[in-house]
Amino acid sequence: MSGLEFTEDAARRLEHLYLTKDVVEQRAETVRLLAPLSGEHVLDVGCGPGFLCESISSLVGSDGAVVGIDISGDLIELCRRRSPPRWLSYAVGDATQLAQPATSFDAVVCTQVVEYIQDVSRALTEAFRVLKEGGRAVFVATDWDSVIWFSDLPDRMALVLKSWETHCAHPRLPRSLGARLVSAGFRVDEAVVFPILNLQWVDTAYSTGLAGFIRDFVGRKNELPAEELSQWYDELARLNETGRYFFSSNRYIFLASKPAR
């Protein structure tokens, strides 16, 4: 599905990344747009560490149900270890072949997932299928061209980010996501930009954790000398020490619905 490897160690690192202030705030914006109601049934496609599922489950309550699925068994195991309430369940699942029956959910949410799937149309069609008429869906994706990351060696930064692009199938998906949703049968009701801005290289910043994933992924590809990649990573801390660290990226959030016939 993507070039990322979600071993147990990587799953725990992703869990830490999803607890950073930036991602916590993005999660709150996602929940705001989805607006889960008490008693609703919600499906999280590509639930990752499960934090979004937990936020939603607290809103739908015991009269509702939340199901989180992910392609990674390690991530699902991580979710289950936190002892979710009985109305929140997790399962290994494929976004292009959902095991859930048609028209069984009031809402579907899919954050930072569809861009990693080669067959985007299939994933959107499956989300549409399991949604009830009048139901709503939220899709979140990054356009990796929106990343601005300062470096004294911009050519090296460009090479690293270009190599990183291949970690997902569609690095510029937001540009076509609206049209793709309409083609799948959805009505696009709203689209917003969620910016991430880091001016410090600290453990609680999204870009700090992201840099680690980039270093590991690009390193496995052997497209850049290991020493050069290490120097790229080490420069970020040095920029922070002199007050010159800068990272910015945009997330694009689409709220869509399934029209009643």
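Is arginine 82 buried, partly exposed or exposed? Arginine 82 is partly exposed, with a relative accessible area of 27%. The legends below describe close-up views of a predicted model.

**Figure 1**
Along the principal axes, the C-alpha atoms fill a box of roughly 55 × 40 × 30 Å. Buried residues account for 54% of the 261 residues. Take the contacts between residues at least 6 apart in sequence: 79% of them join residues at least 24 apart. The accessible surface is about 11600 Å². Carbon and sulfur atoms hold 53% of that surface.

**Figure 1. Charged side chains across the protein.**
The protein carries 27 positive and 35 negative side chains. The centres of these two sets lie 4 Å apart. Side chains of opposite charge can pair when their charged atoms come close. The salt bridges in the protein number 19, counting a Lys or Arg side-chain nitrogen within 4 Å of a carboxyl oxygen of Asp or Glu. The next views show several of the pairs.

**Figure 2. Glutamate 54 and arginine 82 form a salt bridge.**
The N to O distance in this pair is 2.7 Å. Glutamate 54 belongs to helix α3 (residues 51-60), and arginine 82 to the loop between α4 (73-80) and β3 (88-92), so the bridge ties together parts that are 28 residues apart in sequence. Glutamate 54 counts as partly exposed because its relative accessibility is 27%, between the 20% and 50% limits. Arginine 82 is also given as partly exposed, with 27%.

Which residues of α3 are buried? They are Phe51, Leu52, Cys53, Ile56, Ser57 and Val60. Glutamate 54, in the helix α3, is partly exposed. Glycine 61 follows α3. Its phi is positive, near 70°.

**Figure 3. Arginine 81 and glutamate 77 form a salt bridge.**
Here the N to O distance is 3.6 Å. Arginine 81 is partly exposed, with a relative accessible area of 41%. Glutamate 77 is partly exposed at 36%.

**Figure 4. Arginine 172 and aspartate 145 form a salt bridge.**
Nitrogen and oxygen lie 2.9 Å apart in this pair. Arginine 172 sits in the loop between α6 and α7, and aspartate 145 in the loop between β5 (131-142) and β6 (148-149). The bridge links distant parts of the chain, 27 residues apart. Arginine 172 has a relative accessible area of 28% and is partly exposed. Aspartate 145 is partly exposed too, at 41%.

**Figure 5. A salt-bridge network that includes glutamate 165.**
The network links Asp143, Asp145, Lys162, Glu165, Arg172 and Arg175. The pair of arginine 172 and aspartate 145 meets in a salt bridge of 2.9 Å. Where is glutamate 165 placed? Glutamate 165 is in the loop between α6 (154-164) and α7 (174-183). Why does glutamate 165 count as buried? Its relative accessibility is 12%, and buried means under 20%. Beyond its neighbours within four places in sequence, glutamate 165 is in contact with Asp145, Pro171 and Arg172.

Most residues other than glycine have a negative phi. Alanine 35 lies in the loop between α2 (21-34) and β1 (41-45). At 36% relative accessibility, alanine 35 is partly exposed. Serine 83 is found in the loop between α4 and β3. Serine 83 is exposed because its relative accessible area is 61%, and exposed means over 50%.

**Figure 6. Histidine 16 in helix α1.**
Helix α1 spans residues 8-17 and holds histidine 16. Histidine 16 is partly exposed, with a relative accessible area of 38%. Serine 72 is 56 residues from histidine 16 along the chain. Their C-alpha atoms are separated by 16 Å.

Definitions and conventions: Residues are numbered from 1 along each chain as its sequence is written. This is a predicted model: local features need pLDDT of at least 70, side-chain atom pairs count only at pLDDT 80 or more; totals for chains, interfaces and linings use all residues. Side-chain values use heavy atoms; hydrogens and water are left out. Buried means under 20% relative accessible area, exposed over 50%, partly exposed in between (1.4 Å probe, protein chains only). Contact means heavy atoms within 4.5 Å. Accessible areas come from the Shrake-Rupley method with a 1.4 Å probe; for residues, only the protein chains shown count as cover. Lys and Arg count as positive and Asp and Glu as negative; His and the chain ends are not counted. The place of a charge is taken as NZ of Lys, CZ of Arg, CG of Asp or CD of Glu. Helices (H or I, at least four residues) and strands (E, at least two) are DSSP runs, numbered from the N terminus.
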